[in-house]
Amino acid sequence: MKIVIVTDFVNHYYAPLAEELYRLTEGNFWFVEVHPLPDSFKKGGFSVYDRPYIIRAWESESAQQRAYQLAVEADVLYTGGGKFVVDYERRRLKYNKLTLECAERILKRGLLNLISPTNLLTQFYYHTSFFNKPLYKLCISGYTANDMYLQHAFRDKCYKWAYFPAIPQLDAQKVLDGRRKNPCIKMVWCARFLKWKHPEMAVLLAEKLRGAGYQFELNMIGSGEMYGEIETMIRQRNLADCVHLLGNYPNVEVTKKMAEHDIFLFTSDKFEGWGVVLNETMGQVCCPVASHLIGSVPFLLKDGYNGQVFESGNIDSLFEKTRYILDHPDEMRDMSLRAYETVADEWNAVVAARRLYDFCEAWLQQKPIRFEHGPMSKAVPIPPRV
């Protein structure tokens with residue numbers, strides 16, 4: 001079976017999946033990059049990948065034509081969605097060939113997204129040229145299926161999916177035992193300092209925890225437009241002894257830093273399409289405390305089982321959820337362990353690639369296959385409760 005992925009560029013959360021598909025297909029796999037890796041991503045720690053299966057369609061007209069040919073010939077085409085892959089899908093679906101289109105949440109801004117040129121174009125093709133074609137939606141957000149159903153698109157054709165960064169094989173209990181040596185609970189916040197990432201909520205939480213008498217350390221990793229504002233907040237609230245701004249690190253160093261911490265704070269709002277940092281911190285045996293509107297949360301977290309889920313934007317909810325696990329350290333460690341098991345046992349590139357391969361093989365043989373949970377299980381509408 002020949003599988004071709006067409007999306008913007010290879011990155012660290014596509015690479016593990018690509019490697020597994022390359023292995024499963026015994027080299028009958030290609031990854032088409034439509035765009036070069038932006039300089040801003042390089043500065044943020046992203047690496048440029050060089051693998052035998054990568055075709056850089058952006059480099060030349062001949063590379064573009066080869067990419068089109070492979071996309072049409074393949075048994076399975078997997079696209080990143082959006083207007084830049086419509087041409088690949090259109091050339092292929094006229095032959096009724098299996099095509100999988102992944103997408104994060106579409107209607108983050110509601111009506112503005114609904115009437116955006118990109119959404120109107122993709123919906124036009126779906127409801128005209130692609131209607132009743134073998135085109136399926138891989139939902140890289142717990143809220144993607146809801147956005148599709150609201151537009152009468154992909155009904156009963158939505159499947160749970162994700163970004164799949166590498167998950168290390170760890171002795172999770174040993175990691176947890178090592179943290180007992182920390183003089184206090186260590187929390188980490190890691191993201192770009194942007195308004196919709198809400199770094200201010202981490203600082204406000206620290207202030208409330210300090211006021212309630214808790215001992216802790218909060219480290220914030222990243223940079224961005226709000227960095228100066230957050231620096232000022234920390235100074236004005238006299239939190240510099242317990243809240244530390246660490247700046248940027250390469251991705252491999254970020255995961256090492258995560259491994260030192262007990263709790264991961266994920267404060268983004270509905271504009272966080274997936275949030276791959278959640279996979280990464282769960283892979284370092286951290287206990288997540290995450291906003292309910294983040295795309296990865298409905299798929300990866302069960303409140304009180306492998307993390308805590310708070311009401312997005314609600315500082316009191318964030319405080320109560322964090323205070324609970326500070327008051328119940330044994331439960332925090334149990335949730336951390338289950339968080340690791342979630343990504344190590346099911347939500348990872350090895351399992352996802354195998355299921356994708358098996359799903360496509362079954363479809364091609366007209367023998368439907370069904371997964372009850374995890375990657376490639378059916379995605380149903382989840383109202384975002386904004």
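Analyst: One definition to start. The radius of gyration is taken over C-alpha atoms, and the globule rule is 2.2 Å times the number of residues to the power 0.38. Note too that this is a predicted model.

User: What radius of gyration does the protein have, and what would a compact globule have?

Analyst: The protein has 386 residues. For that number, a compact globule would have a radius near 21 Å. The protein agrees with this, because its own radius of gyration is 21 Å.

User: How many helices and how many strands are there in the protein?

Analyst: Both kinds of element are present. The C-alpha atoms fill a box of roughly 65 × 45 × 40 Å along the principal axes. The protein has 16 helices and 13 strands.

User: What share of contacts between residues at least 6 apart in sequence joins residues at least 24 apart?

Analyst: A contact needs heavy atoms within 4.5 Å. Take those contacts whose residues are at least 6 apart in sequence. The share joining residues at least 24 apart is 71%.

User: How far apart are the mean positions of the positive and negative charges?

Analyst: The protein has 47 positive charges and 46 negative ones. Their mean positions are separated by 4 Å.

User: Is Lys 197 buried or exposed?

Analyst: Lys 197 sits in the loop between strand E8 (185-190) and helix H9 (199-211). Leaving aside residues up to four places away in sequence, Lys 197 touches Trp 189, Ala 191, Arg 192, Thr 267, Ser 268 and Glu 272. Buried means under 20% relative accessible area. Lys 197 has 8%, so the answer is buried.

User: How far apart in space are Arg 66 and Met 148?

Analyst: In sequence, 82 residues separate Arg 66 and Met 148. C-alpha to C-alpha, their separation in space is 32 Å.

User: What distance separates the end C-alpha atoms of helix H15?

Analyst: Helix H15 (residues 329-345) has 17 residues. Its buried residues include Met 332, Arg 333 and Tyr 340.

Note on methods: Residues numbered from 1 in each chain as written. Predicted model: local features only at pLDDT ≥ 70, side-chain atom pairs only at ≥ 80, totals over all residues. Heavy atoms only, no water. Helix = DSSP H or I, 4+ residues; strand = E, 2+ residues; numbered from the N terminus. Lys, Arg positive; Asp, Glu negative; His and termini not counted. Charge placed at Lys NZ, Arg CZ, Asp CG, Glu CD. Expected span 1.5 Å × (residues − 1). Buried < 20%, exposed > 50% of the residue type's maximum accessible area, 1.4 Å probe, protein only.
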